[in-house]
Structure formats: structure tokens, C-alpha cells
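Thanks for coming, everyone. Please look at the sequence and the structure on the screen, and I will walk you through some local details.

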Amino acid sequence: MKIVIIGNGMVGYKFCEKLVAKMNRTHVNSITVFGEEIRPAYDRVHLSEFFAGKTADDLTMAPKEWYAENNITLHLGDPIQNIDRENKTVHSYHGITIQYDYLIIATGSAAFVPSIPGVEKKGVFIYRTIEDLEMMTDHAKKAKTGAVIGGGLLGLEAAKAMIDLGVTDTHVIEFAQRLMPRQIDDAGSDILQAKLEDLGLKIHTNKNTLEILGGDTISGMLFSDETHINVDMLVISAGIKPRDELAKLSGLETGQRGGIVVNDHMQTNDPFIFAIGECALYKGMIYGLVAPGYEMADVVATKLTGGEKAFTGYDMSTKLKLIGVDVASFGDPFISSDDTKSIVFQDAVKGIYKRINVSQDGKYLLGGILVGDAEEYNMLLQTTKNKVILPPHPEDVILGSRGGSEGADTGAGVLSLPEAAVICSCEGITKGNICEQVIDGAETVDAIKKCTKAGTGCGGCVPMIKDLVLNTLKSQGKYIRNVICEHFNYSRQEIFDLVRIKKLKTYDAVIDEIGKGDGCEVCKPAVASILASLWNDMVLNKGLDTAQDSNDRYLANIQKGGTYSVVPRVAGGEITPDALILIGQVAKKYGLYTKITGGQRIDMFGAHVSDLPDIWQELIEGGMESGHAYGKSLRTVKSCVGSTWCRFGLHDSVSFAVQIENRYKGLRAPHKIKSGVSGCVRECAEAQTKDFGLIATEKGWNLFVCGNGGSKPQHAVLLASDIDEETVIKYIDRFLMFYIRTADPLTRTATWLNKMDGGINYLKNVIINDSLGICEELEQDMQRFLATYTCEWKEVVENPELRKRFTHFVNAPKEKDPTVKFETVRGQKNAADWK
């Protein structure tokens, strides 16, 4: 049997891979592939990572040698020009004619380019191939302002590419009335748009491009509403169209709007020719995701090797991180009928939108939308696909069970799925396949990837694979090692101990000594947090700065419009008139917006990055210091006035709050830490919603731990009651250091306790009864931290080399970002909305 494949994209390659795995060489004696591009198939799903430093080789799905090793003849840069169906031959651009018994068309799709006058100008690109990206990279060096036509998945991916290229003044032009109209509803789109605008993108919806302006090179865009914008660069990402021109030339049936018509076996109207991927039209639909293309490839490979399998359509649920914002939709996201109900959670402040559609009786999940927080996506998708019965309160699946149940196991739900549940849609791998491999010895995510290929496609299923591995091992009574990422074969707790024992002081030293590769966005901040917790070094020092996230890099939180916030510490919420005057003077001088926060301090917004050192110099000279609002560290210790002024107060809560905040200020941890001290049971400081909190009693203080507010609020749990101030400090020292040692990266204390075997009873034994024999060591660690604390901003102010980093333009250090715009609201300046 001679098989010829036209197209060497992701789906064409996957067909080769599946065919090789299934076939018997006595039946298949010749496989030939013709590819239009000059390089072997590469991963288009992660194409944007090219701008983050990945090379074409990194993205390659298999090198040329793989084809040779599997007796596949590969012709690159040689597209097929003609199909002779009568003689069953194909003829290539370079003059090769070859016979086939079966022909597989996997030509994929091309970018849809609207017929806009000026589309041929220099500086106008499509976002499709590595060559496109190379040309964009070259042009972006001289571009200051860019635009993307298309506000769907591909368009927002292209906008991220613009930002990665340094074109920070980027517009997104969408013809529809909202972003991502096929995936999310109006409310979700509003949240997404606000989040993207906060990051600096300028969004234009309901906008029709009339003309691309300029001479030989683009200079602007004119719209049908007679408005225009000036741009130096344009990327068109307005959708796809199937590559079906060969099929049309050879007389194969195609759809009215394009696509090669196929049946359940992916056969065209010629039984010897199949079509798979984005060029195939199945029951009137083009499937524009990689997972259904892989399924089509498997259907054809199965049929050609004597098996029987049919394509029956495909779930188009998807989850993406668009410019750092999670967006997901699953099942039927828009369903609306008398037989369904919708539950919606919306937090406009944090930019989170969650909608689930459930059956009228509340038993079944039918679909939904997630924007800003898609952590539950995988489990929600499986719940929908496998018709898993919902809990008595269906909203729990997006909000979590409230009340802080001890010892809750967030991964247990995965094991309750049926064995046939498809975990990896790209490769069609079920829960049963994965669990079987774990039991047989594949005890890590990497091992599962190698033996099943699950998680090697889009990567969206990896968190669920990790949960399956861990819970299967746990069910087998095996010790579980929760490694943080592929670059370290250790958990965060193990890395913490190794760094301390080996006295490693920089990220490079850590990865060279106990890791591998160059690291990633998961392990770099985690290791930086460990180093800061252990050695309390300045986070901008050489060896730590490259591992920090953007907020730590500038010791400030980046805000809407590209400016930064300035947050001096106001310990316990107590502030002198002189400090108030100083904040007012600084805010007036630098034109900053001021607001009193829920944490009882005054935040200043709208600072240019180049002004930050000068602002902090004035604050520090006036006796103030960093509030660490930018770091994963202690934020605030909220207090009521206590016995100082309140007639109900039992103890001086303000003095104790000030003492506690000054003790733990700057302490780096896996996540932010908040505290509160209330002078009586009226609880005005809301101590029971904090990571640790104190409430005064007649006999002393009650100490509560592991609470938090936010989108999943949880009350703190009582750790100790009626204890004196010295014992309070001792227990808090131990509690914080135990949390820093043992929590996973980016895990709040509430989640840490929920996942802890034994829950609060175990924690009490460790902290109070010293069941592990480590309390003296934990207290010594805290003393070491206290002895080495310094204000990070004071170090920057006094160090000319560190001050140089705070510039928007390297070659013009005094020049401010000209794209930052403000408007006046209630007598103060606000970041202008970028519409």
C-alpha cells in the first residue's frame, strides 16, 4: 500500500505518527509527505513562544531524522500542484510525480485577509507561520504603534506577540460588538476588555476598517465611522479559510463557503482520498482547533490499518491565557432555554467572571464561561462531558465550598470521573489510560507524557494529569513528591531545604546545582521567593532580579495605563499628622491619585516609572518606608482603636498591631500575608478573615490562622485561646516559618491548611506541641530574618546603579511614557479609558 500525504502541518505530522504506531509494514510499504514550507512540522499552538526566546527547532514536532528512521520520504518546500484521480498520481512543484493507493489531504487553512485597500503595503502582516513571525520581528524594531485586525483567539494572540516585540502601544480592532464573540458572552467580554485595557491595549469593537493609509508603508487606518488611528505596523488575524484549492481543481466536493466535504471516516467523494484538519468540512463545520484534527488523523490511520473508527464531531471547549488573562469556555456557553438556569459570579474589581449553565433541576452542568480565573476549567469540562451529578449547591463548582472544611482534598474529584473520561483531547487519552500507566510505574507528569503523549499538545490538560498522578499514587499508598515544574525534580519544600543546606544565594546557582535547563515562569518566581525568605537579600541584587516577576522588578505594582502605585507602610493603620502631610505633599508634587484602602493605609497611583526613586526618596527622608504592596510578603496588619479610645476595648490593639506589622514587614512568603488585631469580640478589624488574626479576650488573646477574603472567602480557624502577647509572637513566628517552608508556590494559607493532612489538629501539634521537634529551628529562622531586614526602597534610593533601572526609555532616562493619558474624576486624576 502506497500512502501519500499532502501537507506537513501539525495534523499531517500527527497522521504520520499514528500511522507508524498502528501499521503493519507488510501492508504499508511506502509513505511520502509533501510539505509547502521549508521546515518540518512545528507547533503552531505555541507559536507566540517564538517571541519569548524559543527557536524554530524548539517548536519542531519531529526532526527530519524522525521521518527517515520511520521510512517516511519527506519533501519540503515542494507543494503538490495537481491530483490526477484517474491515474491516482500527484504532481509536485519541483516536478515529482508519484502514485498513491490512498491520498491524505492535510493542507490546513490560510489566514483570511479582508479585501481592504492598502492591504499590500509594507508593515502589514498575517500571523500564521514562523516566516511571518521573523518578518514581524524585523519590522517591529522600527515600529512604535501597532494594530491587530481581529479580536478573536488568534487576534488576541497576535496582540500579545506585538507586546512581546516591544510595540507596547497596540490597538485591537474587532468588527463584532465584543471580543471573542464565539467563545464568551457580553458580560465576560466586558471583563476581558477591561483587563486587557488595564494592561495597556487599546480595544476598538464594532469597528470596520475602510482603508489602510500610507505610501509604500502603512502609516494609519481609516474606519467606516470616519475615525482613524496612526499605526506603524498591522497584523491581520481575522479568521481562517480552508486550503481546498487542490480539491476543487481535482473535482472533489467542497462546501459553498469552502472546505473539503468528508464523511464519518474522513473520506471525500473519492473513496481513495481523505481530508483531515482545517481543510476538512464535516457536517457543514470546519474545526479550527488542533485536537479535532488529531482525532481525524487517528480515524484515518485506524481505517487504513484495518481498524474501525468514526469521527462524530468534536467538543470545541477551549482554555487559553491571553496576554496573562485566563479565558475559557466549555460545553454550550450560550445556552438559554426554559429547561436551563445560569449561575453567574462577577467581580469587576478583580476582573473575574464565571458563568455556568445548569439543567432546570440543578443536577447537570451544561456549559459555561470563565474569564480572569479558569482554575476550575478542567474539572468543569469533565463534569459537563461525563454528566457528573452536581453538588447540592451547584455554585460550589465555581466558588468552592464555603466554610473552610478541614482537610479538604481538592484533587479527589478527578478520581470520581469514569474510567472512559477523555482527559487529553488532543491525543484522546482517557483517565483509565493514565491511571493504568501510573500503577505500572509512570509516576510523574513527564513520564505520562512520554508513554501516552497526553499533555504534549495544547497542554491544557496538564493540571488534571498532575492531579490524577498524585491521587492515584496516594490511593496506592505511595509517597507523593509534588515537584514544582520540569526544571526541578523536587517539591518547593525540598528546594527550600536544599537551598538552605547548600547555602545557594542566586537563581543561577540554584538551577545549576539542583535543577536543569534555564527555568520557566513557574520556577523562577518560586525560587526567588525561597531565596528572599531564606537570606532576606535585596530582590534587585544580581542573581535575584532576573527571576522576579514585573512587580518585584520595579518594587511597585503596575497599574492601568502603564503607571505604577506607591504604597508606604502605615503600621497598624496608625499615622501621624506629619506623615499625612508628607503623603499629601508628595502626591501633589508628582500628580498622584490618592485613596485610603481597606488595609488602613494610603495608596498613591499614577506614578511614572522614572519618578519612583525620587518619590520614595522624599518619603524615606520623611521617615516612611516600603509597604511591600508589590511583593508576596506581609501586606498589612489592620487594627481597631482598641482600649486606647473605644469603651468596649479590652486591650491596646493598635500598639500590638503596630508591633506585629513592624516585626514581620518585608517577610517573603509563597503568597501575600494579611493580618488583623481586634480589641474585643466585636471584631472591627476583621481578624477572622486574615492569614493570621488576633481577638482580645478577658484573659489575653485568641489567635486565628488561615483565613482569607477574595473570591473564595474562608474564615480563619482558632489555633490558640487566651494566650499572652509573648506566646502570641512565639506562635506566629513558628506558624509563618512553617508556612514558608512547606507551602506550594502561590498558595494562600487557607488553601495550604485545606490540603494539609490532619488539618488544624496537625497544625496545632506542630506549632504548639512541637510534634516535629522543629519549633526552636523555626524561631531561629525568624530571628535571622529580623536581624537582616532593610527597606528595599531605601537601598534603591541610596544606590545610583539601582536607580538607573527605573527608566521607561533606556536611551532617554528622563523621558516619560508619552502614551500615558489621564482624565480628571472627582477632583483627582484617573488613568484614561483606552477605547
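**Sheets, cores and a few residues**

Five strands make up an open sheet, ordered 21-22-25-24-23, and the pairing is antiparallel. At its edges stand strand 21 and strand 23 (340-347), each with a single partner strand, so one side of each has no neighbour in the sheet. The twist from one strand to the next averages 10°.

Some ground rules. This is a predicted model, with local features needing pLDDT of at least 70 and side-chain atom pairs counted only at pLDDT 80 or more, while totals for chains, interfaces and linings use all residues. Residues are numbered from 1 along each chain as its sequence is written, and side-chain values use heavy atoms, with hydrogens and water left out.

Terms next. Helices (H or I, at least four residues) and strands (E, at least two) are DSSP runs, numbered from the N terminus. Two strands pair if DSSP finds at least two bridges between them.

Strand 22 (residues 325-331) and strand 25 (residues 365-371) run antiparallel and are joined by five bridges. Here G331 stands opposite G367 in strand 25.

Three strands form it, open and antiparallel, in the order 4-5-6. Strand 4 (80-84) and strand 6 (97-99) are the edge strands, and each pairs on one side only. The twist averages 20° from one strand to the next. Four bridges link strand 4 to strand 5 (residues 89-92) in the antiparallel sense. The bridge partner of N82 in strand 5 is H91.

On to the interior. Buried means under 20% relative accessible area, exposed over 50%, and partly exposed in between (1.4 Å probe, protein chains only). A nonpolar core is a set of buried Ala, Val, Leu, Ile, Met, Phe, Trp, Tyr and Cys residues joined through side-chain atoms within 4.5 Å.

Which residues have the most contacts inside the largest nonpolar core? They are F15, I83, V90, M266 and I276, in a core of 74 residues. Helix 8 (residues 290-304) gives the most to this core, with nine residues. A second, separate core has 63 residues, among them Y664, A696, M737 and F785.

Take I276 from the largest core. Contact means heavy atoms within 4.5 Å. Setting aside residues up to four places away in sequence, I276 touches V11, F15, I104, I105, A106, M266, M296, A297 and V300.

Next, helix 5 (residues 153-164). Its end C-alpha atoms are 17 Å apart, which agrees with the 16 Å that its 12 residues should span at 1.5 Å a residue. That expected span is 1.5 Å times one less than the number of residues. The buried residues of helix 5 are G155, L156, E157, A158, A159, A161 and M162. Their cover includes helix 4 (130-140), strand 10 (145-149), strand 11 (169-173), helix 6, strand 16 (233-236) and strand 21 (318-322). After helix 5 comes G166, with a positive phi near 95°.

Helix 6 (residues 186-198) holds A194. A194 counts as partly exposed, because its relative accessibility is 35%. Its C-alpha atom is separated by 9.9 Å from that of V349, 155 residues apart along the chain.

Now a loop residue. Is E278 buried or exposed? E278 is buried, because its relative accessible area is 17%. E278 sits in the loop between strand 19 (273-275) and strand 20 (280-282).

Last, two backbone cases. K283 is not a glycine, yet has a positive phi of about 50°. K283 is in the loop between strand 20 and helix 8, and counts as exposed at 70% relative accessibility. E683, also not a glycine, has a positive phi of about 60°. E683 lies in the loop between strand 32 (673-678) and strand 33 (692-697). At 15% relative accessibility, E683 counts as buried.

Key
Axes fitted to C-alpha atoms, helices over the stretch in contact; angles between N-to-C directions.
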